[in-house]
Amino acid sequence: MADDREVNVEKHAPNHEIPAIQQLTVEELYDKDKYDLSTMEPGDVFVLLQTSTDGLSSEEAARRVEKFGYNRLEHKEINPILQFLGFMWNPLSWVMEAAAIVAIAVSNGGGRPPDWEDFIGIVLLLLANSVIGFLEERQAGNAVKALMESLAPECKVKRDGEWKTLEAAELVPGDIISIKLGDVVPADGRLVSAHGAVSIDQAALTGESLPVGKEAGDEIFSGSTVKQGEAEAVVIGTGLNTFFGRAAKLVGDAGDETGHLQSILAKI
């Protein structure tokens, strides 16, 4: 069996030019050009996050929740009927609706019958545009919802020097967490110690087919699953500021973009 391995934070000489987390905005902390928490020396991570292997106090954790928000992804449920009707209430739809009215009201003139062929064609294009946009947005929303359901509901975290079981939503950067076989990693972090061989399945996030071996100092991702061993880690990212959160945001934003077929319909 492999020996326990851990990062010796005390013996590492930290970079004293690194500011404390209280001096930085959320945007500055997660600007990788300035502070890449995934590759920094472990001692520098502890300095930047103003934490220790004993974890945060409850008071400091509460202050960080106010600053960074809860460790969860917000997903607003939308009434599907209103969502569908929303695709009929935009500039493109207005033009098509106006064209449909013209086709049956004034296109022929001289007392001739309405141009039903044009009217039906325009209405079909309007419905096709709305249906395609609705399905694309619902698909993106369902993908985000599925991602969120795979997140850990609870976790083991060290607060006030003691291990406690808390809701994963209460985690903040600087928390010390414990993970073991079968656990879903509740937030992005850097391993502080690894007890025996540790491997984590992060296929859903990175596409790697096999569990990845992890050692003290390595990065772990929210939403991945521990397949072997036990470890402690310092939390470096929560909510949307995790690899998982950024992926979910990209999936959600994809539903806001105009699809290729919708662009063609707009040109027609």
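**Group meeting talk: one predicted chain, from its surface to a few side chains**

The accessible surface of the protein is about 14,900 Å², and carbon and sulfur atoms hold 56% of that. Areas here come from the Shrake-Rupley method with a 1.4 Å probe, and for residues only the protein chains shown count as cover.

A word on the source. This is a predicted model, in which local features need pLDDT of at least 70, side-chain atom pairs count only at pLDDT 80 or more, and totals for chains, interfaces and linings use all residues. Residues are numbered from 1 along each chain as its sequence is written, and side-chain values use heavy atoms, with hydrogens and water left out.

Now the overall picture. The protein has 9 helices and 8 strands; these are DSSP runs, helices being H or I with at least four residues and strands E with at least two, numbered from the N terminus. Of its 268 residues, 41% count as buried. Buried means under 20% relative accessible area, exposed means over 50%, and partly exposed is in between, with a 1.4 Å probe and protein chains only. A contact means heavy atoms within 4.5 Å. Among contacts between residues at least 6 apart in sequence, 72% join residues at least 24 apart.

Glu27 and Asn241 are 214 residues apart in sequence, yet 9.5 Å apart in space, C-alpha to C-alpha. Glu27 counts as exposed because its relative accessibility is 62%.

Next, the aromatic rings. Rings of Phe, Tyr and Trp (its six-membered ring) pair if their centres lie within 6.5 Å; planes under 30 degrees apart are stacked, over 60 edge-to-face, and the rest tilted. How many aromatic pairs does this rule give? The count is 2. Tyr30 and Phe68 make an edge-to-face pair, 6.5 Å centre to centre with 80 degrees between the planes. This pair links distant parts of the chain, 38 residues apart: Tyr30 is in the loop between α1 (26-29) and α2 (42-49), and Phe68 is in helix α3 (residues 58-68). Phe68 has a relative accessible area of 13%, so it is buried.

Phe221 and Phe243 form a tilted pair, 4.9 Å centre to centre, with 40 degrees between the planes. Phe221 sits in the loop between β7 (219-220) and β8 (225-237), while Phe243 belongs to helix α8 (residues 243-254), 22 residues apart.

On to the strands. Two strands pair if DSSP finds at least two bridges between them. Strands β2 and β4 run antiparallel and are joined by 3 bridges; Lys158 has Ile176 as its bridge partner in β4. On to β8: 4 bridges join it to β4, again antiparallel, and Ala231 in β8 is the bridge partner of Ile179. Within β4 (residues 176-179), Ile176 and Ser178 point one way, Ile177 and Ile179 the other, and all are buried.

Last, Arg159, in strand β2 (residues 154-159). Where does its side chain reach? The side chain of Arg159 reaches the backbone oxygen of Glu170 at 3.0 Å; a polar contact is a pair of N or O atoms within 3.5 Å, where within protein one must be able to donate a hydrogen and the other to accept it, and residues adjacent in sequence count only if both atoms are side-chain atoms. Arg159 counts as buried because its relative accessibility is 6%. Leaving aside neighbours within four places in sequence, Arg159 contacts several residues, including Leu56, Ala61, Leu166 and Asp175.
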